[in-house]
Number of protein chains: 2
Amino acid sequence: MASIDANPPSGTRDFLPEEVARREHAFATIRASFAAHGFAPLDTPAFERLEVLTGKYGEEGDQLIFKILRRGDHEASGDADLALRYDLTVPLARVAARYGSQLPTPFKRYQIAPVWRADRPGKGRYREFFQCDVDTIGSDSLVADASTLAAVTDTLRALGLDGFRVQLNSRKALRGLVEAYGVDVAQESEALTALDKLDKIGLDGVAAELTERELPAAAIAALTADLSGDDPAGAIRERLAGSQTGTAGLAEVDRVLELVGDDQPVAYAPVLARGLSYYTGPVFEVVHDGLDATIAAGGRYDGLIGMFQSQDVPATGGSLGMERILLLLEQAAAAADERRAGPQVLVTIMDDETAADAVTVAARLRASGLTTELYTGGGRLKLAKQLKYADRRGVRVAVIRGADERDAATVTLKELASGEQRTVALDDLEREAAALLDR
Amino acid sequence: MASIDANPPSGTRDFLPEEVARREHAFATIRASFAAHGFAPLDTPAFERLEVLTGKYGEEGDQLIFKILRRGDHEASGDADLALRYDLTVPLARVAARYGSQLPTPFKRYQIAPVWRADRPGKGRYREFFQCDVDTIGSDSLVADASTLAAVTDTLRALGLDGFRVQLNSRKALRGLVEAYGVDVAQESEALTALDKLDKIGLDGVAAELTERELPAAAIAALTADLSGDDPAGAIRERLAGSQTGTAGLAEVDRVLELVGDDQPVAYAPVLARGLSYYTGPVFEVVHDGLDATIAAGGRYDGLIGMFQSQDVPATGGSLGMERILLLLEQAAAAADERRAGPQVLVTIMDDETAADAVTVAARLRASGLTTELYTGGGRLKLAKQLKYADRRGVRVAVIRGADERDAATVTLKELASGEQRTVALDDLEREAAALLDR
């Protein structure tokens, strides 16, 4: 029998024990932080009936839904009636509709669970990945939106992350903007899809795409002028002041900014749209400067639950991009490990006479970028004792310079693992030490 | 727009916060117990390539695999190339083949995760359910099999379960048995499938199914005679002594029994087969007497990893049936809650003179099955104070019997919630109290 390919499916991963431990640790931190903000855990099935998912994510999202073959008589037909969940928000909306009266109002829940998207796998892009969502159902107050931002940013900090900023906008403000530029409401969705790519393709790219999508040339020119000025946000604010929807949207943004307070790194982002089609109010993205990528995002979606029942229920929330966050944490941990690691080089001291020389040698090595310790033990200066100490500290190269080496303007380098040693010109100290460490 | 059905898909469940908390608590207990036995966590994708899963679970199992529609150009064809995992063992075998050299030998792992089966949903039978698996890869020693049993039973106890027993057999012994009854090796699998149903359909049912499957009448008669005697295990042991495979299988069983020791509730179960086709050595089932159902099971599967690579790797493990275990825990918690709950009735004491009467009244109520407390506070016997105490204790009915009631052979019952009270004949005490509590 031919053996079967033992790799996990394309775009998915196996997690061996150490990695599971690291991921679980992060998940536990998130659970504790969300719970501290008053959110309670919810679990939903991995798959949903197909009709629950379709039509919620916009055209591109719908195409990425993994469909499950209908069982029984229909299997041969290739029909699907179930599908793997694409996010945690639509299942939550279904739960809110199904159990509404059993749930407290507002219902504040978190969920940490995998989702599946039939995306083309790539660096940091998987077909199975975890989302960590936090949502508030049943409140139309902007306090709920501001609380989502606080929960998300506090959780990121609890994970040990910093160096992020929050970009905030409102779908209402965007609608007002489209109006203010004189774009027909029928083209709104096309305009926003292009605008949302500003970070990726730049202003020229957006302008080109808007032209391609046949938006009015005057609107494109006005937009380009506004965004290429000194104060794009100010320019857009002025535009919005001329539209009723724009004014309302801007008020929404300003109220959330006021509620989150000055301590949070939140700023108005006038063309942020967020891809998903179900957003209706404030939307936000948390961008990490180190990764130059979105690590969390969310917004208000007052119309989604109404798709499952006759009555609309206001809702707002956010989602952490776990895979990117775990990558950042890994990078931070690696950097910390490096800082915590012992010295690469120990400079020994042969006698009191050459001690000052040793200080100079250590300083030269340190200046060249090598972590270098000078032996500082007391008692008799036995070399064997110093080498033993070096070994215990995890040092890889010991530098020895007694009176002989000093007189000859040389230095002896000893690789501890192999015991090999060589005497080189003092001038070549840094180069030779680095070469030994590079082996 | 017509609203969408908000129920979870058939055979799946939503877990609201309290239920998530209860499940997570059990999972945490299991993780800690498995870790204490030296097992490390592993995570694998929810879906696998279809070829990884098919042909591993026997005919019936294969039919229950949920297949995922192939994406892209092939979507319209109705082809499937992925499938949701059916258990955690086959993905582990794939991982063992893929990462073999990176893993310690033996590799001891646990995994707590959902699996999916397209079974007909029923009471306690779901299409999405959690399994908790513990396995040892790379050891052919029966110490590994005995250790699995110890880890499984210790974990069940850590969860607070008792009243279970372990049934142990060996696939080798079963093969020997089929041989000893003179059944052709070609019919072995059919014979075992029927035998495995003994618990469910009884001996007559098994005999009928064996006849239907056209096994030799002499073999069926011999089996029936062996199993309907006073000591079926003894009779089967005698049969096995006549076959080389049987003797080897029996030695395997006896060695595991010896290794687990006398403290564990493990016994030889001569016709236990376990449905899954991949087992090769010892197999076991943990049966709970209260539920009359299997709550854990497992066995040795030395051939499975060899399906993913050129070389066989011995492996053995077990799986907890989480849904049934959670049900048992829930029942136990409910029973404990009832015991912990406060009394239903408080018998008050009006004065020292009638105190002895009150003792008698309380005893009568208690004898009738009502949880009844007699007021035992000191100080002055004010009724108001006693009623306040009753209310704080969660009591629903107070019984009042002073000198007036005593002289009239009556008793007064007061419903605390409504404040209503009625004086009834002492003879009707129990009936009237029960009627008030039943309201």
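Q: Into which domains is chain A divided?
A: Chain A is divided into domain 1 (17–335) and domain 2 (342–438). Keep in mind that this is a predicted model.

Q: How far apart do the C-alpha centres of these two domains of chain A lie?
A: The centres of domain 1 and domain 2 of chain A lie 56 Å apart.

Q: How are two copies of a chain related?
A: Two copies are related by a rotation about an axis and a shift along it. Here, a rotation of 180° superposes chain A on chain B. The shift along the axis is 0.1 Å, and the RMSD is 0.3 Å. That is the relation of a two-fold axis.

Q: Through which surface do the copies meet?
A: Compare the interface residues. Of those in chain A, 96% are also interface residues in chain B, so the copies meet through the same surface.

Q: Is strand β5 of chain A largely enclosed or largely open?
A: Count its buried residues. A residue is buried if 20 or more other C-beta atoms lie within 10 Å of its own. Strand β5(A) covers residues 107–116, and nine of its ten residues are buried, so the rest of the structure largely encloses it.

Q: Which way does β5(A) run beside strand β6 of chain A, parallel or antiparallel?
A: The two run antiparallel. Ten bridges join β5(A) to β6(A), which spans residues 128–137. In this pairing, K108(A) stands opposite T136(A).

Q: What about β5(A) and strand β1 of chain A: parallel or antiparallel?
A: These run parallel. Two bridges join β5(A) to β1(A), residues 40–41. P41(A) stands opposite Y110(A) of β5(A).

Q: Where do side chains point in a regular strand?
A: They alternate between the two faces of the sheet.

Conventions
Residues are numbered from 1 along each chain as its sequence is written. Chains are lettered from A and ligands numbered from 1 in the order in which they are written. This is a predicted model: local features need pLDDT of at least 70, side-chain atom pairs count only at pLDDT 80 or more; totals for chains, interfaces and linings use all residues. Copies are superposed by least squares on the C-alpha atoms of residues with pLDDT of at least 70 in both. Two residues are in contact if their C-beta atoms, placed from the backbone, lie within 7 Å. A residue is buried if 20 or more other C-beta atoms lie within 10 Å of its own, exposed if 12 or fewer, and partly exposed in between; C-beta atoms are placed from the backbone. Helices (H or I, at least four residues) and strands (E, at least two) are DSSP runs, numbered from the N terminus. Two strands pair if DSSP finds at least two bridges between them. Domain bounds come from an automatic or database domain assignment.
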